[in-house]
Amino acid sequence: MTERRHKDTSSWMSKPAPSTELEAHLGSVPFTLDKELLASKSAKVAALLKENSHESLSYLLRDIPADAETFELVARFCHGYEVHMSTENIVPLICLSFYLGMDENHSSNNLLSKAVTFFEQRVLPSWNEVIKALHVSEKFLQQTMQLGLFDACLQTIIAKASDNPRLLGEPIKLSTNYNDTEDGDDSYRPNARRRLFVLDWQEGLTTLPLQLYEPIIYAMNQHEIPPEYISASIYQYAKKWIFSCDIGVETTSIYKRKSQRNVIETLERLLPHGRELLPCTLLFEMLRGAIDLEASSACRNGLEIRIGKQLDQAKVKDLLIPSQGYTKEVQYDIEYIRRILKIFYGNYKSSDVSGLIIVAELVEEFLAEIAGDTDLMIDTFISLAEMSMAAALGIQRNSDGIYRAIDIYLDKHTYLTEKEKEHVCRVLDFRKLSPEACEHAAKNERLPVRVVVQVLFMAQLQLRDTLTKEVRGYDDKLGKEEEEEEANMGCREDKVRMEMEKMSIKVKELEKECNVMKKEITSSNSRQKVKKGKVNMWKEMKRKFGCMSSMNDFHCQVKKKKVHPKLGI
């Protein structure tokens, strides 16, 4: 296309200039222009022709705020050739058309209207095209702002991000298998499976320069775009413009360090406030970058506050921030960790006991890591140990972690006196040592004698308490068994009593029935005896009188007198 364009324009770029033509140089590129054609399309050129001579006009055109390629497009339009507009040249073309006054007030067939129409129809509807156009506008940022081109691109980006926040990038979440991986960066990669099914590649905001990226992210915060997507975009921007470069003092120029410092300070201001918007490890990475670049205290404090609110998600290696400065009295910077711990405890909620335990264990592991530093002062070590012990108050957990850190500290600081060793060991709560730790401490030659005696004494108390609890537990068990047996006996007695009461009721009912039957039998017998007595008596009287009775009548029989057979009497 470039070759064809040069063929089309060769006739008016290289031929000798007649009286109606003028020669102009834009940079190192010469142009031969027709004054009348140029003035018919440009109000500014028409005004210059009236006020200036031929020579001065050529001089004035040399200072046009445009590059040679853009001015060539304007010249092609003025001479009636086709203008090839694209996303990459449309913004400078609009700016130059406006500068030259090539609008509808000067000509109905004007370049500015055609360029703006192309911008509205071909650039603004597409996310990718808008990002590409913004890349080009960096060179003409002031004009882009004045003409409203940047605002138009900004409104398009906000609208599309509201409909689909994933255009900013996937939210960065802590991987569940982070503890099993050696490289922490792999745990924060966006979902690769989801990216496999993206049909078209999207231009990212992170490719924009900071002077364009800052107002866009600021506007997104104002329009309530989900903060997790904004945070992901901000971290990716920091990764591209800061962490991917060497930010060491020895290898980086002063100008580049200043530019990177401006980036990290700006990103901290843009980063939304909220818990778990970014993993704690990434916040620590940004804090280390801010420290290395000597960013402002406001920037570092802002990152410390964000870290302190979610310190229970941190790892030990996150806390290992190297000391800065030429002296470097200690290997790691302790003051940052101390401030972050204060922020965590200040935002601690009493209902979240698990977070408190996690941070206490984290500090213990951190103490064990830094205890080997021979330059670590006793007071610094004790202050951190006390913060860990204070966090564990009222929580059922042992002090084995603190004991391990003290043991390492005493092993690496052999020059300490007996009194200094006792001073270090005073933060240890012997009552919370596990039996294994007590056994180890009793044989530990690095501990002061007085501390060993206290450990043995506490071990005896623990043994006594253990035996007492076991005896009490056995007695309680027996007592419970007796109570259960008594309760069972009481239940059986209640059942027997209920059965006896039921039997008693039945017996009483039977007795009543028997009494009724007895009375009935007695009255029946009495009637039979009276009747039988009367009949017997009558029969006896009839027998005596010799009267017999029948069913129909009664008659008396007189006994015949017996006559003696001899006497006849």
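1. Start with helix α5, which spans residues 68–78 and contains R76. This is a predicted model, and the confidence values come up in point 3 below.

2. Is R76 buried or exposed? R76 has a relative accessible area of 1%. Buried means under 20%, so R76 is buried. One of its polar atoms lies 2.9 Å from the backbone oxygen of E82.

3. Now the confidence. The chain has a mean pLDDT of 79. Residues at 70 or more make up 72% of the chain. Over residues 1–18, the pLDDT is below 50. That stretch still has 29 contacts in the model beyond near neighbours in sequence. Residues 176–187 also have pLDDT below 50. Here the model has 12 contacts beyond near neighbours in sequence.

4. Next, the core. The largest nonpolar core holds 134 residues. Which of them touch the most other members? They are L205, M220, F284 and L311. In soluble globular proteins, nonpolar side chains tend to be buried together.

5. Look at L205 in detail. Leaving out residues up to four places away in sequence, L205 touches W127, I131, I157, L168, Y213, I216, I217, M220 and Y237. One of these, M220, is also listed with L205 among the core residues that touch the most other members.

6. Finally, the cysteines. How many disulfides does the count give? The count is zero. C78 is buried, with a relative accessible area of 4%. C95 is buried too, and its relative accessible area is 2%.

Note on methods
Residues numbered from 1 in each chain as written. Predicted model: local features only at pLDDT ≥ 70, side-chain atom pairs only at ≥ 80, totals over all residues. Heavy atoms only, no water. pLDDT = per-residue confidence, 0-100. Contact = heavy atoms within 4.5 Å. Helix = DSSP H or I, 4+ residues; strand = E, 2+ residues; numbered from the N terminus. Buried < 20%, exposed > 50% of the residue type's maximum accessible area, 1.4 Å probe, protein only. Polar contact = N/O pair within 3.5 Å; in protein donor to acceptor, adjacent residues only side chain to side chain. Core = buried A, V, L, I, M, F, W, Y, C linked by side-chain atoms within 4.5 Å. Disulfide = S-S within 2.5 Å.
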